[in-house]
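Welcome! Try each task before reading its solution.

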Amino acid sequence: MPAASQHATRLRLYALIAVFTAVAGALLVVPSWVIPDTSSARQWNAIAALTITAILCDAWFLRISFANIYSSVVFVPLFASVALFDHPVPTLISGVSAAIVETLVRRKPLIRVWFNTTQFMVALGLGALVYRTLGGTSSVEVFSFSFLPFVGLVATFFIVNQGSVALAVAYSSGVSVRESWDRIGGGARLYDVLASSLSVLLVFLYVKLQLVGLALLILPLFLVRQLYQMNLQLQTELEEKLELMVKAMEARDPYTSGHSRRVAEYASALARDLGLNARDVDVIKRAALLHDVGKIYEEFAPILRKESKLSPEERIVMQSHVVRSAELVGTVARLRGTVLEVIRHHHENFDGSGYPDGLTAEEIPIGARIIMIADTMDAMTTDRPYRKALTLQTALEELNKYAGRQFDPKLVELVSKSPGIRRLLGPQLASYAAQRPATIVPAWARHDETPVSG
């Protein structure tokens with residue numbers, strides 16, 4: 001990342017932290033404080049017990065691969081604290097627990113400790129304010145539950161908490177706020193809503209049984225945490241299967257080593273430029289990684305190593321790789337559906353002259369149209385047995401030449417303006433230009449498939 005861009009990123013993050021610090025400070029004094037009764041041992045015991053529980057829940061975290069963030073069930077005791085204690089005790093509990101865990105357990109730098117502490121205080125403080133505004137009450141002596149105030153608390157907390165993290169990730173990584181929001185919550189949002197109900201049970205048990213009631217909630221909290229872990233493990237296992245399939249395919253064709261990963265990067269960049277949501281970006285990325293996996297079959301081996309022009313028979317065999325790839329991917333249950341369809345149709349031409357089904361224009365899945373361009377970009381901008389890499393400008397001219405015939409013209413226009421594509425290709429093509437003479441073989445001098453597609 002350029003120095004100017006890094007400086008701008010730091011300024012945005014510092015500004016975000018300053019805003020959360022100011023709001024957290026304001027929430028501590030507005031509305032007015034209600035100091036806990038110093039003579040009430042039960043109340044102070046409850047404050048200590050909830051604070052320790054929050055620290056333990058947050059320390060028992062799970063690591064999410066996206067942006068190196070963490071997930072825990074700390075919101076359960078935090079929501080319970082709102083129903084047990086008056087302002088500003090819940091806000092202080094959230095801040096103390098976050099500061100201790102970030103500093104002593106995760107050992108994060110000061111700026112991250114400060115951000116996470118203040119954003120937790122703001123999220124719970126605003127949630128508590130909504131809870132009270134909607135008529136919610138707090139007591140360690142009497143159990144009372146009102147549905148609407150509780151929903152307001154939960155919704156406010158998760159919107160502010162996940163929204164603030166999404167903003168910070170977007171500022172620091174270049175990923176859009178929308179994609180950050182989708183990835184941070186993702187499929188876990190349903191778990192979050194369901195797990196939130198445990199806070200109501202925690203309040204009931206503590207009011208009735210105090211520390212014994214708190215101990216009874218350990219098993220349900222453990223089970224919820226295991227559900228989160230199982231969800232993450234399924235995701236990890238899927239990514240490992242993808243990696244294995246890609247490595248096996250690339251081992252058959254040394255000339256395309258790294259090709260699938262580069263196509264996945266280009267396709268992901270275009271999908272983001274197009275404004276697709278995180279789920280669609282992931283589908284396209286997975287399909288791009290596996291778009292040529294069918295070439296692992298033996299009948300493709302001699303064709304992949306052939307440097308001369310293909311015969312009509314060999315071309316027919318080569319074109320069958322999209323169907324073979326889709327069939328192979330279909331053996332993995334979680335890849336059936338959209339991923340399979342995108343792979344099957346990534347060589348359909350915009351004018352209907354492609355294969356295997358001759359689809360046209362909007363009939364072709366958007367992911368397949370994106371991968372067609374990403375595949376072609378990598379084919380043109382990397383060395384192949386039959387020619388040297390093209391410059392970015394020449395590659396863009398080739399895409400424009402075939403826009404409306406082979407490629408979606410709107411996507412061609414998008415790729416010519418894409419900062420993501422230029423960022424990914426710029427250093428690579430500059431290195432190529434420095435290493436070879438300017439004379440190159442034109443892009444249409446392909447020997448295997450369509451005029452310029454990879």
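A salt bridge is a side-chain nitrogen of Lys or Arg within 4 Å of a carboxyl oxygen of Asp or Glu. This model is predicted, and it holds 15 salt bridges.

**Exercise 1.** Find where Glu179 and Arg183 lie, and decide whether their side chains form a salt bridge.

*Solution.* Start with the positions: both residues belong to helix 7 (residues 177-185), four residues apart, about one turn of the helix. An α-helix has 3.6 residues a turn, so residues three or four places apart point the same way. Next, check the distance: the side chains of Glu179 and Arg183 meet at 2.7 Å, N to O, and the cut-off is 4 Å, so this is a salt bridge. Finally, look around the pair: Glu179 and Arg183 are linked with Arg272 and Asp282 in a network of salt bridges.

**Exercise 2.** Classify Asp408 and Arg369 as buried or exposed.

*Solution.* Buried means under 20% relative accessible area. Asp408 has 5%, so Asp408 is buried. Arg369 has 8%, so Arg369 is buried. Their side chains meet in a salt bridge (2.8 Å, N to O). This pair links distant parts of the chain, 39 residues apart.

**Exercise 3.** Work out which helix supplies the largest share of the lining of the second largest pocket.

*Solution.* Begin with the helices that each supply at least two lining residues: helix 2 (41-59) and helix 10 (218-250). Helix 2 gives the largest share, five residues. As for class, the lining has 10 nonpolar, one polar and no charged residues. The pocket holds about 210 Å³ of space.

Definitions and conventions
Residues are numbered from 1 along each chain as its sequence is written. This is a predicted model: local features need pLDDT of at least 70, side-chain atom pairs count only at pLDDT 80 or more; totals for chains, interfaces and linings use all residues. Side-chain values use heavy atoms; hydrogens and water are left out. On a 1 Å grid over the protein atoms alone, a cavity is a set of points where a 1.4 Å probe fits but cannot get out, and a pocket is an open set with protein on both sides within 12 Å along at least five of seven lines; lining residues have an atom within 4 Å of a point. Grid points are joined across faces, edges and corners, and a volume is the space filled by probe spheres set on the points. Ala, Val, Leu, Ile, Met, Phe, Trp, Tyr, Cys and Pro count as nonpolar, Asp, Glu, Lys and Arg as charged, and the others, Gly among them, as polar. Buried means under 20% relative accessible area, exposed over 50%, partly exposed in between (1.4 Å probe, protein chains only).
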